[in-house]
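Okay, thanks for coming, everyone. I'll walk you through one structure today, so let's get it up on the screen.

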Amino acid sequence: MKKQYVILIACVLMISCSQQNMDLASLNDGSENDATGDIEKVEFAYKEGNVKIETDSTDVGEKIETSAPKQYLSAIRQLEMSASRQHRVSSKSVRSLTGPWVGVIEAVDGATGGFDLLEVYMDCEDHRNHNRRSGWIGNTQSTANTMLRFLLVPKSMFSNNKYARYAVLSLDAGPDHVIQRVFDNQDNSNSNGTWLNKKEIPSDQQYDRIGSGFDQTWRRTVLSFLVYDKDPVNGSENFPSIGVSYGVFGKNINPDPDSNGYIITDDEDDNNANSCKYNGMDVEEGSVEARNLSDILEIGKNTVLYMSKAKTQ
């Protein structure tokens with residue numbers, strides 16, 4: 001993939017001036033000189049009429065994926081936190097889905113049962129794309145890019161399950177039992193997008209319209225997952241009926257093997273800035289905490305999301 005490079009500090013200063021109008025020096029605590037020359041990453045939004053070239057992994061040769069230095073990740077997280085704070089001024093005229101709603105996987109195209117439909121499109125790595133999918137993934141679109149489709153249903157309907165641990169999309173960023181995954185999407189000519197009931201939701205309206213647990217720009221996507229633990233004693237034996245078929249996140253939850261599956265999202269290869277938190281704490285690839293979450297998702301420079309059909313109507 002063809003990229004243009006600049007020093008991180010220049011990059012972050014441009015982001016800061018145009019989006020958050022922050023003082024970068026206060027974020028780096030005097031570490032500007034240390035970051036100079038270490039961090040290079042620039043990202044471009046897709047422009048109508050551009051030709052995007054996307055290739056699959058059948059190309060010969062080794063596929064190289066690199067991680068962004070920690071200083072880059074720290075600076076970007078600070079900026080994103082500031083951006084989120086700016087979105088917290090709610091309007092009474094805006095319908096908020098935050099709080100009593102969670103997202104389950106749409107099973108059949110158009111079968112929403114009257115619930116709100118949230119669609120999240122992630123522009124994945126263009127060069128030698130390694131997106132993969134297997135088994136049941138509902139109405140998720142997994143090609144060279146990824147479209148996740150969620151039905152937004154009452155949170156009060158869900159509880160711990162007697163037989164399996166599972167997760168649903170959380171619209172809140174509260175720390176308890178919430179996995180927060182940052183997907184570093186395609187840098188160059190990125191075409192990310194979010195739609196609520198087929199109407200596109202700009203990034204500056206997402207906090208009010210969707211919630212604090214979700215955030216997407218043209219360079220990355222933040223999804224939060226509310227985890228329900230396995231409870232053999234007091235857990236529910238069945239998933240709730242909502243009037244239509246749907247799925248949840250988790251590995252091999254359904255006893256029917258054809259009703260379980262997964263997708264792999266090939267996240268940005270160069271200076272990959274993926275990250276993950278659980279209960280508000282950072283989760284590192286290969287750690288005990290990461291292994292503990294591996295029945296919901298697997299993290300690294302790419303992401304594996306496990307899916308299972310929870311209810312058939």
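Let's start at leucine 171, which is in the loop between β6 (166-170) and β7 (178-184). Buried or exposed, what is leucine 171? It's buried, with a relative accessible area of 0%. The cut-offs are under 20% relative accessible area for buried, over 50% for exposed and partly exposed in between, with a 1.4 Å probe and protein chains only. Leucine 171 also has serine 212 around: their C-alpha atoms are separated by 6.2 Å, though the two are 41 residues apart along the chain.

Some housekeeping before I go on. This is a predicted model, so local features need pLDDT of at least 70 and side-chain atom pairs count only at pLDDT 80 or more, while totals for chains, interfaces and linings use all residues. Residues are numbered from 1 along each chain as its sequence is written, and side-chain values use heavy atoms, with hydrogens and water left out.

pLDDT, by the way, is the predictor's confidence in each residue, from 0 to 100. For the protein chain the mean is 81, and 70% of the residues reach 70 or more. Where does it stay under 50? Residues 1-13 are one such stretch, and there the model has 38 contacts beyond four places in sequence. Residues 15-40 are also below 50, with 47 contacts in the model beyond near neighbours in sequence. A contact here means heavy atoms within 4.5 Å.

Now the overall picture. The protein chain has six helices and 17 strands, and of its 313 residues, 51% count as buried. If you take the chain's contacts with a separation of 6 or more, 85% of them are between residues 24 or more positions apart.

Six of its seven residues are buried, so β7 is largely enclosed by the rest of the structure. What does β7 pair with? One partner is β11, antiparallel, over seven bridges; two strands pair, in this scheme, if DSSP finds at least two bridges between them. In that pairing arginine 181 stands opposite leucine 223 in β11. The other one I'll show is strand β14 (residues 275-278), joined to β7 by four bridges and also running antiparallel. There, valine 182 stands opposite serine 275.

To count, NZ of Lys or CZ of Arg has to be within 6 Å of the ring centre and within 35 degrees of the ring normal. Arginine 219 does this too, over the face of tryptophan 218, at 5.9 Å from the ring centre.

Next, strand β12 (residues 246-249). Tyr246 and Val248 point one way, Gly247 and Phe249 point the other way, and all are buried. In general, side chains in a regular strand alternate between the two faces of the sheet. β12 pairs antiparallel with strand β1 (residues 101-106) over two bridges, where isoleucine 105 has glycine 247 as its bridge partner. Strand β17 (residues 303-311) is joined to β12 by four bridges, again antiparallel, and valine 248 has serine 308 as its partner there.

On to the rings. How many aromatic pairs are there in the whole structure? Six, where rings of Phe, Tyr and Trp (its six-membered ring) pair if their centres lie within 6.5 Å, with planes under 30 degrees apart called stacked, over 60 edge-to-face and the rest tilted. Tyrosine 166 and phenylalanine 239 have ring centres 4.8 Å apart and planes at 80°, so that pair is edge-to-face. It links distant parts of the chain: tyrosine 166 is in strand β6 and phenylalanine 239 in the loop between β11 (220-228) and β12, 73 residues apart. Both tyrosine 166 and phenylalanine 239 are buried.

Phenylalanine 225 and phenylalanine 249 are edge-to-face too, because their planes are at 75°, with centres 5.0 Å apart. Here the link is from β11 to β12, 24 residues apart.

Last thing, disulfides: a pair of cysteine sulfur atoms within 2.5 Å. By that rule the count is zero. Cysteine 124 is buried at 1% relative accessible area, and cysteine 276 is buried at 3%.
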